[in-house]
Amino acid sequence: MMRNLPSYLIILIVGFAIAACGGRKPVPVDTEILVESVGGLAGSDAPDVSAIGLDSDDSASSSELDGSFDAEVDLSSPRVIYFGYDSSDLTPENKQIVQVHAQYLVSAPGTGIILEGHADERGTREYNLALGEDRAKTVSDFMQALGVDSSRIQTISYGEERPVSLGNDDSAWSLNRRVEILYQ
Amino acid sequence: MLARLKRLLFPQLLFPGLCLVMLLHSSTGYAVLTIEINKGEVSGMPIAIVPFAMEGVSPDEQQPADIIEADLGFSGRFETIPRSSFLSAPHDLASVRFKDWRLIKSEALVVGKVINIGNAQYEIRFRLIDVFREKQLAGQKFVVSANKIRKVAHQISDIIYQELTGTMGAFDTRIAYVTVQGAEPDRQFLLRIADSDGWGAKTILESSQPILSPSWSPDGRRLAYVSFEKKRSVIFVQNLSTGQRNLLAEFQGLNSAPSWSPDGRKLALTLSKDGNPEIYIYDMASANLRRLTRHTAIDTEPSWSPDGGYIVFTSGRSGGPQIYRIAIAGGSPQRLTFSGEYNAGASFSPDGRSLVLITNQGNGYKVGIYSIQDRTIRELTTTWQDESPSFSPNGEVVMYATQQSGRNVLATVSVDGQVQQTLKFQGGSVREPAWAPFNRAL
């Protein structure tokens, strides 16, 4: 959405977005921190890719800025939803968590979210990629059923590629089977 | 009786589980490669490979006999006789004393020379000799530069393998794989191409984001793969000689699991643009995209049958992942696997008679072979976190990723499960191996 924009433009847009929705519900954000965090994201998280041909030293490279940042909705509400093994089903507790976010989103029309689906490391990487997608879609579908417009929800799956716990046991795996709710 | 005689002659074969560790220094890469071999029952045709004469060659150059011995030894089809028991060291047919080789029960003998012929060119000659019939089975002369000596040695292994087993050798082939270095948030993903024994690795893509599922075009000139460089999964096709890349699929949602058709004209892939992960066929020439599966459950990991008529894929439609088959024309998929709670990541053997897959029969995620005719699954490995199995192009060996001591490594196993080999690359973990098709060029 905000890709390929210079960072000062992103800062301007961010500032404008905050000013625009500042009149309704108090969103506890700090402009300075946001500016810094946008800069930080651009510096540390911008993908750095280069392709190298076997026959030459020519390399193509690309880099881009990531426009996402995390606005504070409600510090007390969990932003991670955990799942059972090979499952995309939401437990009643998880439905409550999703409900809190859905209600906030309905009340704050300017806000968009990314639902990032993840899986534990067991099994094949591609099936886990699909499983992460399925989990993110399940959360997305439930949010839409609660009145959130689909245009405000983006789903991404990282499969087993971004574990939060590097352990090799049930407790680590259960932490990695998750959907993270990221505010834009 | 014969086995006992063998044991008397070769005391080192007394241990049924023979384990070797070789530390190899790659001349081209920074990586030090360790190969561990684990043999079950040592069997196969006894063969003696005499160190080649090295005439005017620097002692740093590769000894072809070492490479040929490693190739044939790892295959599980040969028993390479230790050099310490050799009674003579011939380099051509005329100087072979056949009784020296009959005495140590060698059925086949390989001799040869590397000669520096000037202008940085080397002549490599070899002969494969039948010890009992006292005749030459194969012989060839190659003229190459020094950096091709390894490749020639692999080609010699291929010729010997074909001559003695009737099956094409797959030693002179390549693999693609992904290495990961560092920890979040500073991970470095490298997509690399190396010889099938892990040597001569070259990086073809560097990224700070995950790279997955490399798939070779049938001509071995291009790789399709999944990259997260756009902060989500998209599919690229990269020309290996030029490095030029085309962004093939960047639809909303998942873009993953590319698999080339045997004629190289189409790619099967998984997209979730129409709701949930489904399999599509992409026609490279027309850019036409056709949806193949329709189900509310996950459908992914397509792989073509060698005749191009079918696709096998993983589906969660029964409640857990199982393997299904669907005709390219469409229609209703047929479930293939019924044994085990988890079967995924299947691909066809080159003869189309079996599938290699990841199976969990209750004791971990292992490489298994599914027989199309018998409808049975046979586990091949003793590890329990296996991933990404890939047949060698002759169908005799499977390469896969697994974990050993908390590290991701690549491993191979012969299809009879008897010979297992681990390739450990220093610095970082290794994953997503994909074995390239045959490529006979020097």
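How many residues of chain B are in contact with residues of chain A? In this predicted model, 45 residues of chain B touch 34 residues of chain A, a contact being two residues whose C-beta atoms, placed from the backbone, lie within 7 Å. The model scores ipTM 0.88 and pTM 0.83.

**Basis and confidence**
- Residues are numbered from 1 along each chain as its sequence is written, and chains are lettered from A in the order in which they are written. Local features need pLDDT of at least 70 and side-chain atom pairs 80 or more, while totals for chains, interfaces and linings use all residues.
- Chain B has a mean pLDDT (the predictor's confidence in each residue, from 0 to 100) of 89, with 90% of its residues at 70 or more.
- Residues 1–32 of chain B have pLDDT below 50, and this stretch has 38 contacts in the model beyond near neighbours in sequence.
- Where pLDDT is low, the predicted coordinates should not be read in detail.

**Interface**
- On the side of chain B that touches chain A, β11 (202–207), β12 (211–216), β16 (255–260), β20 (299–304), β24 (342–348) and β28 (387–391) each supply at least two residues; strands are DSSP runs of E, at least two residues, numbered from the N terminus.
- β11(B) gives the largest share of that side, six residues.
- Strand β1 (residues 49–52) of chain A runs antiparallel to β11(B), joined by three bridges.
- B:Glu206 in β11(B) is the bridge partner of A:Ser50.

**Chain A**
- Chain A has five helices and six strands, where helices are DSSP runs of H or I, at least four residues.
- Their order along the sequence is α-α-β-β-β-α-β-α-β-α-β.

Terms used. Two strands pair if DSSP finds at least two bridges between them.
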